[in-house]
Amino acid sequence: MSLRPHDERMVMPTPFAPRVAALCQTNDWYTWAGYTTPNTFEEVGLEYFAMRNSTGVFDLSPMTKYRITGPDAEAFLNRVMVRDVRKIKPGRVGYTVWCTDEGMVHDDGTIFHLAQDDYRLCAQERCMDWLHWSALGFDVEIVDETAGIAALAVQGPTSCATLRNMGLSGIENLKPFGVATFPFNGAELLVSRTGYTGDLGYELWIDAQQALPLWDALFAAGRERLIRPVGSEALGIARIEAGFIMAGEDFVPAEQVVRHGRARSPFELGLEWLVDFDKGPFTGRNALLKEKREGSRYRFVILDIEGNKPANHSFILDKHGRTIGHVTSAAWCPTAKSNIALASMNMPWGRDDDEMYAEIYYNRELHWTRLLSRCRVRRDPVFNPPRRRATPAQDL
Amino acid sequence: MTDKRFDTIIIGAGHNGLVCAAYLAKAGRKVLVLEAASQPGGAAATREFHPGFRVSSGAHLLTQLNPGVAKDLGLASHGLDYAARDLKTVALAEDGAHLVIDGGSVSGVSGNDAVAYAKFHSQNRRFGKVLDGFFSRRQPTLVDRSWDDAFSLLKLGWSLKRLGKEDMQDLMRVGLINIYDVANEHFDSELLKAAVAMDGVLGSHMGPRSPNTVYGYLHRHIADAWGNSGPALVRGGMGAVGQAFAEAARGFGAEIRCDSKVARVEMQGCHATGVTLESGETLFADTIVSNADPKTTFEKLVGYPNLDAGFSRRVHNFRSRGVSAKLHLALDTLPDFRGLDAALAGQRLLLAPTMDHIERAFNHAKYGEYSRAPVMEISIPSVHDDSLTPAGKHVLSAIVQFAPYALREGWDSGKEVFKRIALEQLERYAPGINNRVLASELSTPVDLEREFGMAGGHWHHGEIALDQALLMRPMPGAHQYRTPIPGLYLCGAGSHPGGGIMGLAGRNAAEAVIKHRKDREERAA
Amino acid sequence: MKKYDAIVIGAGHNGLCNAAYLAKAGLDVLVLERNPYIGGATVSRELHPGWKYSNCSYVCSLLRPEITRDLELPRHGLQVIPYEGGVTFTRDGDYFGNYGDHERQYREMARHSVRDANAYDRFSANVMRQTRLIRKYLMTTPPDPTSFKPRDIKGLLELAESFTDMGDEGLLDTLRFWTMSIGDYLDEYFETDLIKAHMAGSGIIGTALGVYSPGTAYVLLHHYMGDVDGSVGAWGFARGGMGAVADALASSLKSFGGEIVCDADVHRVIVRGGRAVGVALADGTEYHAGTVVSNLDPKRTFLECFDASDLPAEVVHRAKNFKIRGSSGKLNIALDGLPTFPAMPKSSTLMVSDMHASESLFELERAYDDWKAGTWSEDPYFDMLIPTQVDPTMAAPGKHMMTVFVQYCPPTLADGPWTPEKCDAFGKTVLDKISRYSPDFKDLVLDVEVRTPHEIDNEVGLTEGNIFQGELTFDQLLFNRPFPGYAQYRGPVQGMYMCGSGTHPGGGVMAAPGANAAREILMDLKKPNVVPEGYLDD
């Protein structure tokens with residue numbers, strides 16, 4: 001029985017709340033996993049271009065974080081995840097998804113291999129229940145450390161320089177998906193070269209007590225590198241440009257699905273490359289093998305849509321006007337000057353040469369217009385610069 | 001593997017494992033049965049618990065043996081010899097006003113009750129015939145069904161419709177409700193109601209008022225539909241049944257190796273390819289059939305890491321909370337049940353005065369306590385079978401409920417107290433019996449688990465509740481004798497239609513294995 | 001003597017709803033009510049001057065929105081105000097709060113168990129899946145599986161289809177859900193006893209079963225399948241008490257020309273030549289009509305209002321065996337002010353939620369053991385609300401009314417019938433338990449109305465005081481409610497119908513039985529249907 005103090009507040013502040021609140025000039029907030037976080041700070045365009053042009057900082061403390069330790073930690077994660085977790089060496093991070101028995105995606109996230117038998121799993125959704133049941137028969141300990149760890153995404157071409165300025169020497173040599181630790185204010189600052197923007201960028205992880213000193217040091221170090229806080233709207237554009245999917249938008253976490261058949265498999269989210277059938281048993285393997293054999297129901301595609309009207313919530317039609325899919329996320333991408341959508345297509349649609357149209361509605365001064373805009377399937381994300389991968393990272 | 005001598009390994013020589021082995025061997029497969037104990041039979045066992053006194057240490061009456069299985073296996077020619085058949089059931093009254101149930105007739109009650117019982121019995125036989133259709137085949141899946149399944153469904157649907165409107169309406173209702181209400185609807189005699197209720201709750205973590213106990217009753221009385229009017233006693237105890245099954249399996253060419261406890265199922269990639277014994281020896285076969293209960297099979301032999309997490313969760317949540325203890329008494333003379341004609345002493349004796357009494361006895365089990373006034377099913381097989389005891393002596397075997405597996409105080413300290421309580425309860429009905437006890441033994445569910453390897457000491461390998469019955473048994477994902485592990489099958493009481501020395505789970509499993517293999521070969525060809 | 005087109009026996013909410021639809025279709029309808037007031041168990045009564053008690057049913061969720069809208073109940077005065085959440089107090093001074101807001105709920109649950117807080121979403125999704133399956137059938141007549149009529153076969157096929165739409169595993173999960181006990185079901189999700197106990201309440205309310213009795217998981221569903229303004233599973237208060245529901249239905253009925261006569265105790269349904277032709281009151285008055293509809297429960301209908309000789313023996317037999325068990329009592333309390341519950345933060349939102357104080361499944365199960373033994377629970381489960389925090393019409397400003405649903409409470413006691421003294425002792429058990437969690441509660445009590453199944457039986461006419469007019473166990477649901485073969489609202493005598501909660505889809509102030517029965521009656525009379533079909537969930 002817990003006698004910890006009750007807290008009836010409907011939303012909680014993140015560890016960075018005092019700084020974030022002071023900078024949030026739009027007073028435009030939303031609730032992310034029970035925490036107050038800004039949609040915007042000042043102007044979406046400025047925030048977006050901070051990430052693409054200098055350094056944007058996003059408070060990702062509400063991200064769910066689990067610490068997984070114990071002699072079976074690796075074997076456990078390997079059974080949960082569709083990819084071969086054994087290939088993620090200590091000091092590395094791996095992107096992965098995990099599935100139900102039926103091969104439907106619970107969520108995607110990143111695994112941090114911190115040390116031997118010591119991992120962190122970061123995800124959008126909570127999944128302790130699933131991890132708990134998955135741990136039957138394994139000697140592991142799983143601890144939810146979401147509240148105890150403050151996290152910032154520091155993204156953009158001057159992000160490396162900013163961090164170097166902050167005293168993280170050698171940070172430029174950190175490879176994509178690498179992890180390094182640095183002393184900070186008597187604590188340990190964990191830095192991973194990861195992000196949700198598809199650009200050069202880092203994520204910073206630190207004990208929640210150290211959140212404000214970290215913020216201050218980071219912004220002091222980045223002032224001349226044009227650092228700027230960004231809200232979720234700007235990040236949302238960046239992730240669509242980079243072709244990243246998001247739980248709750250591009251798919252529904254499988255165990256939250258109420259209507260039979262609405263969940264999606266990794267194949268149906270374009271993540272076939274993650275699935276490793278040769279690594280031995282993992283949850284969903286039987287079902288995914290069957291799907292591979294018998295075919296998927298949906299195909300996930302990145303669409304380049306003609307015109308400049310964002311295709312949010314659009315149906316995708318064939319040339320006869322029949323519905324063949326729908327858009328899950330869409331944005332006008334300011335860097336690429338492209339109109340991009342992520343879409344779930346009914347099989348077999350979404351092939352390179354398919355003739356497809358997005359049905360877009362927009363309103364100008366109470367006047368609604370319906371557009372049928374031609375769509376083209378893109379093989380790659382519209383934003384994917386070489387600096388994203390270059391090591392040592394350059395100061396651009 | 002080309003050098004392996006067996007194409008099928010069966011884990012456990014319980015009766016279902018042996019039945020499965022027999023049918024598979026009969027179909028031409030090379031079958032090896034591996035048994036942990038030093039003799040085959042599983043819970044169909046006879047054990048000397050006191051010098052010169054032998055008792056059926058697990059099941060003690062042969063109630064539900066399927067005649068088709070018995071015939072196919074030729075059990076009679078393999079040494080199955082009945083000491084007594086069609087036993088009557090005597091519902092003991094403390095004051096000696098017992099009543100006797102013999103098939104559909106009951107004596108010692110009012111005329112109304114006698115008529116009501118005959119009616120009740122014949123309707124249950126009709127229900128039993130329908131249930132027989134369900135029990136004797138693999139349960140169909142309902143959505144992604146094959147032609148086979150569709151045909152099964154049609155046949156089952158037809159057998160329901162053929163019951164006639166009124167019976168069908170009754171079955172739809174009673175199938176889900178409790179035996180308490182049904183007995184109250186039919187009978188006036190408390191003793192008769194209690195006797196009926198006992199058949200709904202024997203071996204179950206349920207009291208008469210628990211919904212689903214009518215299903216438990218029908219399950220137990222399935223043999224009525226096969227023409228039995230009561231349980232049977234086998235000469236030499238239930239161990240002789242186990243031996244007969246083993247001989248039958250051997251007769252078809254199956255090999256049985258005792259003292260060979262399987263430690264784990266071997267996997268190659270994600271397929272079951274063999275088993276490793278505790279001795280360290282590994283044996284290979286392309287088909288592995290487990291007669292162990294589902295929890296033991298998946299948790300211990302396969303291991304959760306080899307299974308999907310959702311399925312592991314289902315296994316973990318499978319309920320097998322044994323509540324039955326076995327009491328064995330070596331007796332100097334035949335006990336004297338007050339008012340009981342000595343000629344009836346060898347029948348099936350029930351010690352349960354009222355349904356409320358049973359319910360109160362069950363109440364304790366819910367909270368992890370043993371009953372303060374337990375109920376019993378008693379058999380004194382030595383009345384019919386002098387091979388069990390020294391001349392003139394007797395052996396009494398009783399199922400005593402309720403004795404929950406997870407006793408809160410622990411069985412180390414609880415066992416002696418509960419045995420004393422059981423003996424005191426017997427004393428009330430058979431004054432002086434305690435003075436005639438030469439030796440006594442109580443096997444708690446924990447002991448039964450240890451002796452027979454049944455998780456939770458549950459003789460059905462898992463609760464016979466509707467959510468774990470029929471097409472849901474034991475759990476979605478393993479409900480057609482197949483498991484999520486290619487090459488691994490289930491054939492034990494944990495599978496449909498459950499335990500009770502019926503043999504149907506073993507037979508249905510063998511059919512499923514044969515059919516599945518055939519389908520695969522056809523697909524490959 | 002005037003002849004009516006239809007007579008409805010009993011002015012409970014289903015009787016009124018049924019009559020309103022028949023009147024709407026142009027029939028000349030008369031509703032006869034034994035009590036001097038209408039509503040049955042859907043009433044607001046001023047039993048203590050200045051206080052209105054919802055003295056039987058007390059909250060509203062299941063009332064079908066199709067009916068509310070179609071009969072224009074809001075125009076006739078009905079307003080349902082939603083409330084959120086619930087709380088269970090513990091003896092050690094803590095509580096578990098079940099908040100409406102997802103994240104607040106998560107944090108509160110995680111305070112007790114992180115694992116449970118995570119499992120809750122899976123639990124909710126699975127319960128919602130089951131809920132959606134059953135919601136489709138609330139405003140329909142169940143098909144008869146023993147019949148070969150095209151309509152029934154079509155209905156069964158549709159039923160089968162909605163099941164197979166769930167996929168094999170989904171279907172098996174549904175079958176498991178319907179046959180499991182709420183205790184076992186919750187054990188599959190949660191580890192914390194307090195949380196399980198809080199959730200389990202909905203599995204036993206109004207039901208003479210314990211939390212470990214198979215079938216109780218479905219009962220939970222029955223409490224989750226309603227909605228307030230599209231929010232599935234939400235509950236609300238009817239402004240002015242539950243009597244507002246009956247009043248609005250009655251007003252709607254009258255607007256269509258229907259009549260209601262109170263103090264009219266129907267003694268017998270008159271059957272001539274195998275047809276129901278009217279009813280006779282206890283005082284000998286007769287009313288005649290071609291259609292007679294009973295809003296009474298199946299036992300009262302067939303065992304008291306008919307000559308057994310007018311009925312097939314099978315129906316008498318089935319009525320006798322119909323399971324209708326009183327398991328709950330109720331306290332209605334007038335309070336001089338708002339009691340405090342020190343466990344909760346000051347002015348907690350949970351004050352407006354349903355409050356409980358059963359901490360474990362064992363406690364709940366033991367409460368049921370008492371009932372089986374023929375006594376009221378020594379440590380009862382209660383579902384307690386103070387509606388006057390949101391409804392200004394039920395007590396003077398600053399004063400409050402508290403409604404306490406109590407379980408278990410048997411219709412007859414092992415040591416003999418109910419007496420005023422035993423009734424008081426039962427009330428005292430409950431008051432004592434409440435004051436354990438609210439030290440100032442007893443000082444605020446101005447009046448207590450104690451209702452045992454005995455009172456509910458006698459005053460409202462619900463046999464044994466069963467609030468659902470029959471157990472909501474699967475043997476008495478869908479095509480088995482009230483009896484197999486009689487689940488399509490037609491009685492065994494021509495021209496006679498049933499419309500009470502004893503018919504599909506059961507009790508809970510849904511009004512769906514009344515509406516569905518009206519649809520069947522109009523079909524038999526070859527009148528155009530005026531009864532809405534259910535809204536389909538998307």
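Lys and Arg count here as positive and Asp and Glu as negative, with His and the chain ends not counted. The place of a charge is NZ of Lys, CZ of Arg, CG of Asp or CD of Glu.

**Figure 1. Charges of chain C in the predicted model.** Chain C carries 51 positive and 71 negative side chains. The centres of the two sets are 4 Å apart. This is a predicted model, in which local features need pLDDT of at least 70, side-chain atom pairs count only at pLDDT 80 or more, and totals for chains, interfaces and linings use all residues. Residues are numbered from 1 along each chain as its sequence is written, chains are lettered from A and ligands numbered from 1 in the order in which they are written, and side-chain values use heavy atoms, leaving out hydrogens and water.

**Figure 2. The edge-to-face pair of Trp376(C) and Phe426(C).** The structure holds 44 aromatic pairs over all chains (rings of Phe, Tyr and Trp, the last by its six-membered ring, with centres within 6.5 Å; planes under 30 degrees apart are stacked, over 60 edge-to-face, the rest tilted). In this pair the ring centres are 6.0 Å apart and the planes stand at 65°. Both residues are buried (under 20% relative accessible area, 1.4 Å probe, protein chains only).

**Figure 3. The edge-to-face pair of Trp418(C) and Phe426(C).** The centres of these rings also lie 6.0 Å apart, with the planes at 70°. Trp418(C) is buried, as is Phe426(C).

**Figure 4. An aromatic cluster in chain C.** Tyr120(C), Phe123(C), Phe177(C), Tyr185(C), Tyr189(C) and Phe190(C) make up one cluster.

Definitions and conventions. Buried means under 20% relative accessible area, exposed over 50%, partly exposed in between (1.4 Å probe, protein chains only).
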